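Subject: Structure for your review

Dear colleague,

Please find below the structure that I am handing over to you. A summary of the findings follows it.

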Amino acid sequence: MDAIFVIVRAVHIGALVVLTGGLVFAISIAGAAGDGSEGGWNRTSRRFSALWLLLAIGSGLAWLGLEAETMSGQPLAQALGRETLGTVLAESDFGQVWLTRGALSLGLAALLAVAARPSPTARRGVLVLCTIVAAALLASLALVGHANAEHGTQRAIHLAADAVHLLAAGAWLGTLVPLAMLLGRRSTATDGPTLDAVADAVHRFSSLGLLAVSALLVTGIVNASFTVATIPALLNTDYGRLLLFKLAWVGGMLALAATNRTRLTPSLADTNLAPSARAAAVARLRRSAVAEIAFGLAIVVVVGVLGRTMPASHSSAMAPTMRMH
């Protein structure tokens with residue numbers, strides 16, 4: 001059952017990270033490189049977002065069923081009954097948060113449905129609203145996380161750090177997926193204007209990624225101060241060792257990102273280079289982005305395991321239904 005729980009949570013987190021990142025990419029990074037016409041990147045972004053939202057809703061429903069089974073102690077078939085689900089939704093903190101997040105999901109679905117109808121100017125406004133709602137959905141995962149074991153000011157600080165950590169993940173890991181898609185679509189381009197537009201998009205992504213990584217590091221330290229607290233706990237507990245494993249994957253992503261920023265991005269932006277050399281940089285950036293996505297997938301799986309692992313600094317009395325990194 002824990003394995004299923006880990007998979008469901010990982011899928012849910014991953015879907016929301018990519019959903020949010022895709023919308024951020026559409027409104028702030030793609031620009032001319034993505035083709036802002038109705039037939040271009042905006043349409044791709046809406047379809048992309050709808051797919052990930054559907055996956056988030058499906059995994060969210062599965063998560064509710066698993067929580068109902070855990071809370072009730074009944075077999076899954078019985079836990080999915082109307083009475084048990086009604087009790088979970090009405091009388092547990094998880095249920096109340098789940099209902100709120102369900103409403104946000106439906107609201108986002110409605111916004112995506114109408115995003116194709118307004119004028120191009122109004123359409124951008126709708127996409128911005130979609131991004132805000134998606135970000136709220138992603139950040140609200142903090143409300144069912146380890147921070148709920150804290151109280152008062154400590155709980156507020158931990159919740160804020162968790163929320164910012166999740167949003168930063170969306171701004172970095174989440175935007176990598178549409179970036180790889182964009183680079184793939186432009187991998188054969190050799191004309192100067194297209195390469196310039198791609199270089200501009202990559203530069204914007206790099207700047208956003210730098211801010212996101214900084215936020216991830218700061219909030220990661222804050223979170224670790226609550227969940228691990230000491231070096232011995234980091235080294236000698238399951239939670240601590242899993243956290244170190246996660247940091248190793250993050251380190252791999254950072255190494256790839258540093259190479260992109262210092263070598264490949266300047267080559268792509270260098271208008272003195274031959275178009276073929278700049279196009280080669282696009283292809284290498286795409287391969288690097290795909291590798292970073294693979295690292296990010298491993299991180300999301302580890303986060304799913306962390307969500308089912310007791311933090312080293314928490315008492316064994318913490319409710320299992322409120323655990324998520």
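The chain has 11 helices and 0 strands. The model is a predicted one. Its radius of gyration is 21 Å, close to the 20 Å that the globule rule gives for 325 residues, so the chain is as compact as a globular protein of that length. The C-alpha trace spans about 65 × 50 × 35 Å along its principal axes. Of the contacts with a separation of 6 or more, 75% are between residues 24 or more positions apart.

Regarding the interior, buried residues make up 49% of the 325 residues. The largest nonpolar core has 74 residues, and Leu108 and Leu268 have the most contacts inside it. Helix H7 (residues 152-185) provides the largest share of this core, with 13 residues. A second, separate core consists of 7 residues, among them Val228, Leu234, Tyr239 and Leu243. Beyond its neighbours within four places in sequence, Leu268 is in contact with Leu195, Val198, Ala199, Val202, Arg278, Ala281, Val282 and Leu285.

Turning to charged pairs, the whole structure contains 5 salt bridges. One of them joins Arg308 and Asp2, with the closest N and O atoms 2.8 Å apart. This pair links distant parts of the chain, since Arg308 is in the segment after helix H11 (275-306) and Asp2 is in helix H1 (residues 2-28), 306 residues apart. Arg308 counts as buried because its relative accessibility of 19% is under 20%, whereas Asp2 is partly exposed at 43%.

Another salt bridge is formed by Glu67 and Arg9, where the closest N and O atoms are 3.2 Å apart. It links helix H2 (residues 41-72), which holds Glu67, to helix H1, which holds Arg9; the two residues are 58 residues apart. Glu67 is buried, with a relative accessible area of 0%, and Arg9 counts as buried at 1%.

Asp200 and Arg204 also meet in a salt bridge, at 2.8 Å from N to O. Both lie in helix H8 (residues 192-227), 4 residues apart, which is about one turn of the helix. Asp200 is partly exposed at 33% relative accessible area, and Arg204 is partly exposed at 34%.

Ile231, Leu235, Leu244 and Leu247 make a nonpolar surface patch of about 370 Å². Helix H9 (231-236) and helix H10 (238-269) each give two or more residues to this patch. Leu235, in helix H9, counts as partly exposed at 46% relative accessibility.

Yours sincerely

Note on methods
Residues numbered from 1 in each chain as written. Predicted model: local features only at pLDDT ≥ 70, side-chain atom pairs only at ≥ 80, totals over all residues. Heavy atoms only, no water. Patch = residues over 30% accessible without salt bridge, like charges linked within 9 Å, V, L, I, M, F, W, Y side chains within 5 Å. Areas by Shrake-Rupley, 256 points an atom, 1.4 Å probe, with all protein chains shown as cover. Salt bridge = Lys/Arg side-chain N within 4 Å of Asp/Glu carboxyl O. Buried < 20%, exposed > 50% of the residue type's maximum accessible area, 1.4 Å probe, protein only. Core = buried A, V, L, I, M, F, W, Y, C linked by side-chain atoms within 4.5 Å. Contact = heavy atoms within 4.5 Å. Rg over C-alpha atoms; globule rule 2.2 N^0.38 Å.
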